[in-house]
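Please look over the structure below.

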Amino acid sequence: MLRIFLSILLLGFLVPPAIRAQGNYEIQVYGADTIAPNSTMVELHSNYTALGQRYVIDGIYPTYHQEHETLEITQGVTDWMEVGFYIFTSEQNGHGAQWVGDHIRPRVRVPDKWHWPVGVSISTEIGYQRPVYSLDTWTWEIRPIIDKTIKRWYFAFNPALERTLHGPDVHQGLGFAPGAKVGYDFTKKISGGVEYYADYGGFAQFDSFHYQQQQFFAVTDLNVSPAWEINIGVGVGVTGSTDHLLIKGILGRHFDWKKKSPVD
Amino acid sequence: MVTRREFLKTCAIGASVGGYARGREATAPDYTIDIAPYSLEFSHRREIKTIAYNGQVPGPLLRFQEGKLVTININNKTDIPEVVHWHGMFLGSSVDGAMEEGTPMIAPGGASQISFIPQPAGFRWYHTHTFAGHNLNRGQYTGQHGFLWIEPRENPARYDAEFFLALHDWRGQLLGSGDGSMNPSYDVSTVNGRVLGFGAPLRVKAGQRMLLHILNSSATDCHWIALAGHQFTVVALDGNRVPNPAAVPMLSIAPAERVSAIVELNNPGVWVLGEVRKHIKQAGMGIVVEYANKSGEPQWQQPETLTWDYLKFADTGTDVSGSNKALEIPLVFKSKFTGHGDMDHWTINGKSYPNTEIIGLKEGERYRLQFRNESTDHHPLHLHRHTFELRQMGDRKTRGIMKDVVLVPSNTPVDVEFTANHPGSTLFHCHQQDHMDMGFMLLFRYI
C-alpha cells in the first residue's frame, strides 16, 4: 500500500499536468555566429540521463538511463544564413536503439558589416518526434540568439519560444524555453562555464515552479582547433519535472568544401 | 602595470601645459598642416567621418629638398592630443613625432611649429602616432597620413608620369579570428581615399614609363597589388633604391611600407590596378589606369597566387656572408592571450611596453637586430630615425636592401643591421596599430 502511495506521489511529483517529455536530445546554448558558406559543421550530441523519469507515462518511454545520440548537420548558405538538420536517436535497455525524429532549423544572423555591439541571430526549428518519446509529435520553435564576448568572458542568451503543432499541448499556445550561458576563458584552449536550460510552460501563464523544467550544467569548451568543437558538461535538474542528472557531450567537426585560394 | 594609454596620457598632459612652440618666435612656415575632423566621401554619397590633414585623404604631398631646412606649422583642431610622425627620416627625437621618444604631443586646439633638415632623400611619409586601443576610429585607423617626397640628387629611374598612391582600410571592427583572438576587420578599402571606380583614373599615354610610389597606410593589414596587363619593376623599397631592380607581377606592401616601381605602359587599354585578394578588391581597393584615347570597362586579370620576395631586389654581386662585426641584439616576439573577446597582448623578450627593456646604443657602432617571431602573426617592424639593411630572411643571407620597415613572417628568423649614427631616443615597434597599442614597442637610447 505504501509502495503504491509513494509511486503515485512520485508520479505526481515528476510529471507536469500536460505530461511534457523532456527533450535532452540537443542540449546546447547557441552562439550568434553562423556557419560560413561552402562549409558544413557535423556535430554529434551525446546525452545520457543518469537520473530521470523512471516510469512509462501515457506510453512515453522513461528518460532514466536513456542514451541519446543526435546527429546535427549544419550547412552554411550565405555569410549570414545556415540550415541545420537533426537526426535524433535513443538507446535504452529494453527498447534498443531507436529513431526518435528529425528537425530542420534555418537560421539567419545580423551581418558583421552592420557593426552591432552584440551578436544577434534568429533560428526557427520545426520537426517531428515519435509519440513514444513525446506526445507532442510536431513542434515548432523560434529562437532569438544574443551573444557577446568581452575579454575572457562569454555571454549568450536564447529566449526561445515553442509551439506544439500536433499533440496535447497544441492549445497551450507559445511556450517559453530560455537558455543561457556564461563562459570564461581559462586559457586559449580551455573555457569553462555554466549553461542554463528551462521550460517555463505556456507563455501566457507559466507553470508553477514545480512543473517547470530548470537545469544547470557545468560545462567546459575545448578550443583545440578552429576545425573542431568540443563541449562537455554535467547538469542537474532543480525542479520536480526536470531530469535530475545528465551528462552531455558535443563533438563537432567543421568541413570546408571550397578549396582555399590565397587570393580569396 | 602602466599601459601605453596611461603613459601617453601622462605625457600628453605635460606637453599641453608646456606648449611646444610657445615662447618661440614663429617663422613663416613652408607648410601648414591642420589636423581636423573630416567627412571622406569614399564612394558616391557614402561618407566616413574621420580625422584628416588639411581636409583631404591622403594629406597633401609635401616635397622637400634634401638638406634644406623646412619649417612646418601643425594645428590640432581635434579634441584629442595629436602628434605627427615623419616616417623614414633622420630627425631628432624631439621632432620625430613619437611621444615615447620625447616629441611633445600637441594639445587639443593647440599648435606647434617645427623645423628640421630633411634627410635622407626618397619616398617618406607622415602620419599620426597616437594610441587607438579598442577605438578603431583613432590613430592610424583615421585618415591621418600623407606622402613626403624628399627630392634626391638623382632619381632612381627615368620616368614620364609619376603617381603617389596610398592604400588604406576603413570602418574597422574587432572580430574573432582563426587565431582565437579579436583582430580588426574592415568594410571599406581604398586607394587615395576612394573605392575602385569612384576616384579619377590615372591617365597615361602609351609608350610612357610610369613611376608609382605606393604607400600602405593601413593600420593593420598587408596588401598585394597588381596592375592588369602590366608588370612592375621595383626600383625602391621604403624610399631607398634597391641594388637590383627587378620585374614582378605584383607588389606586397605591409603596413607602413612603401614601394616605388616603374611600369612600362606598353599595353593600351583601360585597366584596373587593385588588390589581388578578391574580398579586399570587392571592398573597394583599386584604381583605374586609363590610356589616352582608350575607353570601355576597366579590365582586371585575376592572379591565382600571391608572390613576393624581398631578396629578389638584393645585391647579387657582393659576399652576402660578409660581416660588419655588428653587435647582436636578439629580440623575441610573443603574443599573450587575454581572452577570445580581446586583442592579444605582445611581448618583446618577455615584456610589454612600457615595461620593455631600454637598450643602450653607442654612437658609430654597428648593430644586428635578430628578430625571432614566435607568434602566429606576421609583423611589420619599424625602427624610427634610422635605416637598416636586410641581412637574413629565413635561412637566406642577403645584402644591400635598405629599409625602415620589414615584414617578419611567423617563425622565420630575420636579421637586420644598422649603424647607430643618429643619437637620441629611438622607438622600435610593430607598425600594426593593434600590436603597438598592446605592448609591441621598445626604446633604444644612445649612451
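B:Glu257 is buried, because its relative accessible area is 3%, where buried means under 20% relative accessible area, exposed over 50% and partly exposed in between, with a 1.4 Å probe and protein chains only. B:Lys403 forms a salt bridge with B:Glu257, the closest N and O atoms being 3.0 Å apart, and a salt bridge is a side-chain nitrogen of Lys or Arg within 4 Å of a carboxyl oxygen of Asp or Glu. Because B:Lys403 lies in strand β27 (residues 402–403) of chain B and B:Glu257 in the loop between β16 (251–253) and β17 (258–264) of chain B, the pair ties together parts that are 146 residues apart in sequence. B:Lys403 is buried too, with a relative accessible area of 1%.

This is a predicted model, in which local features need pLDDT of at least 70 and side-chain atom pairs count only at pLDDT 80 or more, while totals for chains, interfaces and linings use all residues. Residues are numbered from 1 along each chain as its sequence is written, chains are lettered from A and ligands numbered from 1 in the order in which they are written, and side-chain values use heavy atoms, with hydrogens and water left out.

**Other salt bridges**

- A search of the whole structure finds 33 salt bridges over all chains.
- B:Glu162 forms a salt bridge with B:Arg63, with the closest N and O atoms 3.4 Å apart; B:Glu162 lies in strand β9 (residues 161–176) of chain B and B:Arg63 in strand β3 (residues 59–65) of chain B, so the pair ties together parts that are 99 residues apart in sequence. Strands (E, at least two residues) are DSSP runs, numbered from the N terminus.
- Both partners of that pair are partly exposed, B:Glu162 with a relative accessible area of 22% and B:Arg63 at 38% relative accessibility.
- B:Glu275 and B:Arg277 also form a salt bridge, their closest N and O atoms being 2.7 Å apart; B:Glu275 counts as buried at 0% relative accessibility, and B:Arg277 is buried with a relative accessible area of 14%.
- A network of salt bridges links B:Arg366, B:Arg368, B:Arg372, B:Glu389, B:Arg391, B:Arg399, B:Asp415 and B:Glu417.

**Surroundings of B:Ser425**

- B:Ser425 lies in the loop between β29 (414–419) and β30 (426–430) of chain B, and at 13% relative accessibility B:Ser425 counts as buried.
- The side chains of B:Ser425 and B:Arg445 are joined by a polar contact of 3.4 Å, that is, a pair of N or O atoms within 3.5 Å, where within protein one must be able to donate a hydrogen and the other to accept it, and residues adjacent in sequence count only if both atoms are side-chain atoms.
- Apart from its neighbours within four places in sequence, B:Ser425 is in contact (heavy atoms within 4.5 Å) with residues including B:Ser93, B:Glu101 and B:Arg385.

**Between chain A and chain B**

- The contact takes 17 residues from chain A and 26 residues from chain B.
- Chain A and chain B bury about 1500 Å² between them, 53% of it on carbon and sulfur atoms; buried area is the accessible area (1.4 Å probe) that two parts lose on being put together, summed over both.
- Two salt bridges are counted between chain A and chain B, and B:Lys278 forms a salt bridge with A:Asp264, with the closest N and O atoms 3.4 Å apart.

Methods: Helices (H or I, at least four residues) and strands (E, at least two) are DSSP runs, numbered from the N terminus.
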